[in-house]
There are 2 protein chains.
Amino acid sequence: MKLFIDQLQEKMIAKNSRICVGLDPHLELLPETVLDPELLQDQAANQVEIAAAVLKFNQDILAAVADFTAVVKPQIAFYEKLGSAGFKVLKKLIKKAQTEGLLVLLDAKRNDIGSTAAAYAEAYFAKETAADAITINPYLGRDGILPFLKNKNKGAFALLRTSNPSAVDLQDLKLANGKLFYQAVGDFLAELGEPYLGECGYSNLAAVVGATYPAELAAIRKQLPQTFFLIPGYGAQGGGALDIKAGFDSQGQGAIINSSRGINFAYRAAAYKNYGAENYAEAARAAAREMRTEINAVLSLK
Amino acid sequence: MKLFIDQLQEKMIAKNSRICVGLDPHLELLPETVLDPELLQDQAANQVEIAAAVLKFNQDILAAVADFTAVVKPQIAFYEKLGSAGFKVLKKLIKKAQTEGLLVLLDAKRNDIGSTAAAYAEAYFAKETAADAITINPYLGRDGILPFLKNKNKGAFALLRTSNPSAVDLQDLKLANGKLFYQAVGDFLAELGEPYLGECGYSNLAAVVGATYPAELAAIRKQLPQTFFLIPGYGAQGGGALDIKAGFDSQGQGAIINSSRGINFAYRAAAYKNYGAENYAEAARAAAREMRTEINAVLSLK
């Protein structure tokens with residue numbers, strides 16, 4: 001079987017797409033036709049019905065965007081909120097996405113000492129309904145990262161520069177050698193990822209670099225020519241298409257841009273309001289197509 | 001209700017105990033009388049039986065050690081490995097621990113942007129069978145930490161200096177101001193934790209500092225007089241009782257020392273082998289009592 005990163009590149013080329021659709025089912029944003037808001041009054045008591053609504057909503061979104069994206073990214077926190085019912089939904093979603101020909105990047109930001117990291121890798125990369133890649137947090141160093149790279153059909157996206165306002169608190173601390181901390185994390189990840197390079201020239205050890213800091217994005221792209229980027233923060237978090245151009249290589253490869261709320265809940269946005277809440281899937285489809293076009297245009301690709 | 005950190009201190013004093021018992025059900029270490037090793041041949045097919053064995057084992061351990069510890073720390077990776085069945089086990093365990101009068105520190109090392117961190121806080125601190133505290137990873141800065149502190153009855157333990165061999169990879173990078181990165185993380189956590197101080201003088205925002213680096217432990221205790229420490233790495237990871245003395249304040253407070261494998265699987269250790277595998281709970285009880293005594297002795301407490 002192909003390395004994860006080559007599978008990703010292949011699907012991106014086949015779909016001429018550099019987007020990633022996040023699946024973040026914020027319960028209070030689901031259409032009333034899918035989830036009766038009254039059920040949210042007592043979430044614990046109505047967990048099963050809520051989980052069923054989340055599954056339906058996400059399956060519809062998946063089917064609607066499958067033509068325009070190579071990969072979807074469920075944010076596991078929203079499934080963990082639903083307890084054991086949420087885990088069942090997540091498994092079904094992963095299977096459904098893979099049946100639709102999509103890769104699944106599980107946004108879990110897991111991290112721990114080696115033996116525990118191995119347990120996480122087993123939890124999410126095991127045979128049945130397993131994700132294709134996972135986000136991880138690099139704070140514990142290589143022990144906490146390598147277990148996720150053991151299976152070369154799987155990928156890991158380590159946090160490098162995150163997209164949130166307080167990313168600067170620790171990631172931007174200045175080191176004695178003049179670099180910023182996140183730049184040193186970048187060097188570290190690049191070295192660690194070297195043995196996991198695919199034919200496409202990128203490594204199975206990828207990195208998360210926020211779109212909300214465009215200048216940093218350009219510099220880190222230059223610094224890490226073999227590190228594939230997941231770029232979050234597009235849309236709801238404030239990053240636009242122009243901001244992310246610098247994250248790609250000269251071939252328009254090497255990165256995917258994630259949007260979650262902007263696609264999942266497009267039906268609530270002014271631009272797609274005319275679809276109506278009941279046609280949330282069509283609205284998401286239109287938003288995904290538009291985002292793909294917008295990014296390809298910025299990269300001067302058709 | 002009392003602040004989390006005051007609840008912890010109160011229970012520690014009541015039990016004259018500075019230990020924390022990790023609940024890390026490594027499946028291959030469970031006694032054969034509890035878990036038939038043949039079931040491990042096909043974990044996916046036997047998930048329900050395996051989960052039942054994990055529940056039984058942990059309930060027995062809980063009951064056995066309850067006299068000697070204020071707090072237990074389930075490592076969530078081992079429950080996530082069991083999928084939705086594992087989540088049900090975890091909920092039952094949390095309830096059982098709290099019924100036994102123990103606090104539950106969920107070792108999950110969660111981390112994300114603000115809105116997602118809030119979802120995690122809701123997932124693990126919500127009303128029913130909720131944990132009392134959680135471990136978190138501070139890499140995303142304050143946005144990713146503050147949602148876990150919103151409810152003052154709950155606590156958060158942020159990774160500062162971890163106990164694994166590659167902790168040094170990133171945590172020990174030298175900053176321009178002469179400090180090491182983890183020391184700057186310490187200053188950051190202390191400042192962030194200031195509004196959450198309890199009557200005991202410590203903050204609901206606690207920190208994880210490994211026992212495997214004793215010199216660092218002494219320095220960081222001095223640096224952060226209001227930060228409570230969870231000290232892992234005792235026992236299986238190589239830290240001994242003398243190594244951890246420096247983690248406590250002059251009153252012998254301000255820290256808990258975690259042991260997971262050393263207590264859970266005491267029945268496999270030379271010192272407790274005479275109990276026999278079927279008496280794993282009694283072996284764990286003896287190991288917990290011994291660890292409490294050892295640590296109190298090092299601190300010159302009875």
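**Close-up views of the two-chain model**

View 1. Three residues, B:Y139, B:L170 and B:F181, supply 17% of the area that chain B buries against chain A, more than any other three residues. Counting contact as heavy atoms within 4.5 Å, 57 residues from chain B and 57 residues from chain A take part. A note before you zoom in: this is a predicted model, in which local features need pLDDT of at least 70 and side-chain atom pairs count only at pLDDT 80 or more, while totals for chains, interfaces and linings use all residues. Residues are numbered from 1 along each chain as its sequence is written, chains are lettered from A in the order in which they are written, and side-chain values use heavy atoms, with hydrogens and water left out.

View 2. One to look at joins the side chains of A:D169 and B:R142, at 2.9 Å from N to O.

**View 3. The side of chain B that touches chain A.** Elements giving two or more residues to this side include α4 (83-99), β3 (103-110), α5 (114-125) and α7 (181-193) of chain B; helices (H or I, at least four residues) and strands (E, at least two) are DSSP runs, numbered from the N terminus. Helix α5(B) gives the largest share, seven residues. By residue class, this side of chain B divides into 27 nonpolar, 16 polar and 14 charged.

**View 4. Salt bridges at close range.** Over all chains, the count comes to 28 salt bridges. In chain B, the side chains of B:E80 and B:R110 meet at 2.8 Å, N to O. B:E80 lies in helix α3 and B:R110 in strand β3 of chain B, so this pair ties together parts that are 30 residues apart in sequence. B:E80 is buried at 2% relative accessibility, and B:R110 is buried at 1%; buried means under 20% relative accessible area, exposed over 50%, and partly exposed in between (1.4 Å probe, protein chains only). In chain A, A:E100 and A:K96 form a salt bridge at 3.2 Å, N to O, with A:E100 partly exposed at 29% and A:K96 partly exposed at 26%. Elsewhere, A:K73, A:D107, A:K109 and B:D112 are linked in a network of salt bridges.

**View 5. Cysteines without a partner.** The whole structure has zero disulfides over all chains, a disulfide being a pair of cysteine sulfur atoms within 2.5 Å. The sulfur of A:C200 is 16 Å from the closest cysteine sulfur, in A:C20, which is too far for a bond. In chain B, B:C20 is in no disulfide either, and the nearest cysteine sulfur, that of B:C200, is 16 Å away. B:C20 is buried, at 0% relative accessibility.

Technical notes
Buried area = accessible area lost by both parts, 1.4 Å probe. Salt bridge = Lys/Arg side-chain N within 4 Å of Asp/Glu carboxyl O. Nonpolar A, V, L, I, M, F, W, Y, C, P; charged D, E, K, R; others polar.
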